[in-house]
Amino acid sequence: MDLRQLRYFVAVARERNFTRAAEQLNIAQPPLSRQIQLLEEELGVVLITRTSRPVKLTDAGRLLYEQALQVLGRVDQMKDATRRVGMNRNRVLSIGFVASTLYGGLPVLVRKLRQNAPELDIQLLEMLSIQQVAALKEGRIDIGFGRMRHNDPNVVATILREERLVVALPQDSVLAQDEGPIRLSVIADQRLIVYPKEPRPSYADQVLSLLQEEEIRPRDVLEVREIQTALGLVAADSGVCIIPSSARQMRSDVRYRVIDSPRATSPVIMNHRAGDTSRYLDLIRRLIREMYAEKPAWLAANNLAAPDPDPDP
């Protein structure tokens, strides 16, 4: 498998037609068809159903299409970043983040970083906590903001703060009629929606471990891919979900109640490669200290206690 074959396959998958894909790629149709056939032979699966018009992707084809788009997109980013460095243009700083951090301090931090280092080309890449560890070691990102603790010696993890957890409830739920703190034990009578479904371990395992430690068993558990889906299902009265407090801003058609337990927290963790001595890493640490020292309203509202203003490990 090579990048050319992936580009050919993506063109066919997008156009749903070999002739149009060949025209778009500026090649003849027989070589295009042959490359797709070679790709299928290498993988040992059928990717495209050719008997229909337009052609259709098989389940395996749809999976490869989604993955190929990500691979080709990353290759294009790599080319652009390399050219920028080679031509002495802006230094690229890639930051990985989990979605919930967008509703905490990450946007403020990035704004401060742009102001203090205008020469930086900051790229923000959404990825799960476990994906950030691999991305750091592979050089795909420079810094990650996630929620999962790990023991990888090649990646330094610094806990920036412990954020409260809240229960997201359907608007018409009996439990939603009170705005005060809620006991974690009420989850025992509910269908619990957790995310992400994969890859694991993840934030979902943090939630399930918390309940297990408290010997609380939900009525049943529904696993979904992302927080947006989880909250959408809560809004549809399909269950309840435990989320970080700052993510309450994501939907206004759901009710939220803070969990009344000092153990019901989720860490916000900054990860970077071991041995990284970049001045930008030092700058980010300084900006985080300044941000916490300002004691913004979102920090007081979402944290169990005031965080340590020094994020150095």
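The legends below describe several close-up views of this structure, which is a predicted model.

**View 1. Helices α2 and α3 pack against each other.** Two packed helices are described by the angle between their axes and the distance between the axes. Here helix α2, made of residues 18–25, and helix α3, made of residues 29–43, pack at an angle of about 105°, and their axes are 9 Å apart. Because angles from 65 to 115 degrees count as roughly perpendicular, α2 and α3 are described as roughly perpendicular to each other. On the α2 side the contact is made by Phe18, Thr19, Ala21, Ala22 and Leu25, while α3 contributes Gln29, Leu32, Ser33 and Ile36. Sorted by class, the residues in this contact of α2 with α3 are six nonpolar, three polar and no charged ones.

**View 2. The largest nonpolar core and its central isoleucines.** In soluble globular proteins, nonpolar side chains tend to be buried together. The largest nonpolar core of this model has 36 residues, and those with the most contacts inside it are Ile187, Ile242 and Ile243. At least two residues of this core come from each of β6 (155–170), β7 (191–194), α7 (203–213), α8 (227–235), β9 (240–244) and β10 (254–258). When residues up to four places away in sequence are not counted, isoleucine 242 touches Leu165, Val166, Val167, Leu184, Ile187, Leu192, Ile193, Tyr195, Tyr203, Val207, Leu211 and Ile259.

**View 3. Tyrosine 256 and its surroundings.** Tyrosine 256 is found in strand β10, and with a relative accessible area of 16% it is buried. Among residues beyond four places away in sequence, tyrosine 256 touches Val166, Val167, Ala168, Leu231, Ile243, Ala247, Arg248 and Arg251. The view also includes glutamine 171, which is 85 residues from tyrosine 256 along the chain, although the C-alpha atoms of the two are separated by 9.2 Å.

View 4. The side chains of glutamate 223 and arginine 200 meet in a salt bridge, with 3.4 Å from N to O. Glutamate 223 lies in strand β8 (residues 220–223) and arginine 200 in the loop between β7 and α7, so that this pair, 23 residues apart, links distant parts of the chain. Glutamate 223 is partly exposed, with a relative accessible area of 34%, and arginine 200 also counts as partly exposed, at 29% relative accessibility.

View 5. Because arginine 285 and aspartate 282 are three residues apart in helix α9 (residues 279–293), about one helical turn separates them. Arginine 285 is buried, with a relative accessible area of 11%, whereas aspartate 282 is partly exposed, at 42%. In the other pair, glutamate 290 and arginine 286 form a salt bridge of 2.7 Å, N to O, and these two residues of α9 are four residues apart, about one turn of the helix. Glutamate 290 is partly exposed, with a relative accessible area of 32%, and arginine 286 is likewise partly exposed, at 32%. Elsewhere, salt bridges that share partners join Arg147, Arg161 and Glu163 into one network, and the count for the model comes to 24 salt bridges.

Methods: Residues are numbered from 1 along each chain as its sequence is written. This is a predicted model: local features need pLDDT of at least 70, side-chain atom pairs count only at pLDDT 80 or more; totals for chains, interfaces and linings use all residues. Side-chain values use heavy atoms; hydrogens and water are left out. Axes are lines fitted to C-alpha atoms, for helices over the stretch in contact, and angles run from 0 to 180 degrees between N-to-C directions. Angles under 35 degrees count as roughly parallel, over 145 as roughly antiparallel, 65 to 115 as roughly perpendicular and the rest as oblique. Contact means heavy atoms within 4.5 Å. Ala, Val, Leu, Ile, Met, Phe, Trp, Tyr, Cys and Pro count as nonpolar, Asp, Glu, Lys and Arg as charged, and the others, Gly among them, as polar. A nonpolar core is a set of buried Ala, Val, Leu, Ile, Met, Phe, Trp, Tyr and Cys residues joined through side-chain atoms within 4.5 Å. Buried means under 20% relative accessible area, exposed over 50%, partly exposed in between (1.4 Å probe, protein chains only). A salt bridge is a side-chain nitrogen of Lys or Arg within 4 Å of a carboxyl oxygen of Asp or Glu.
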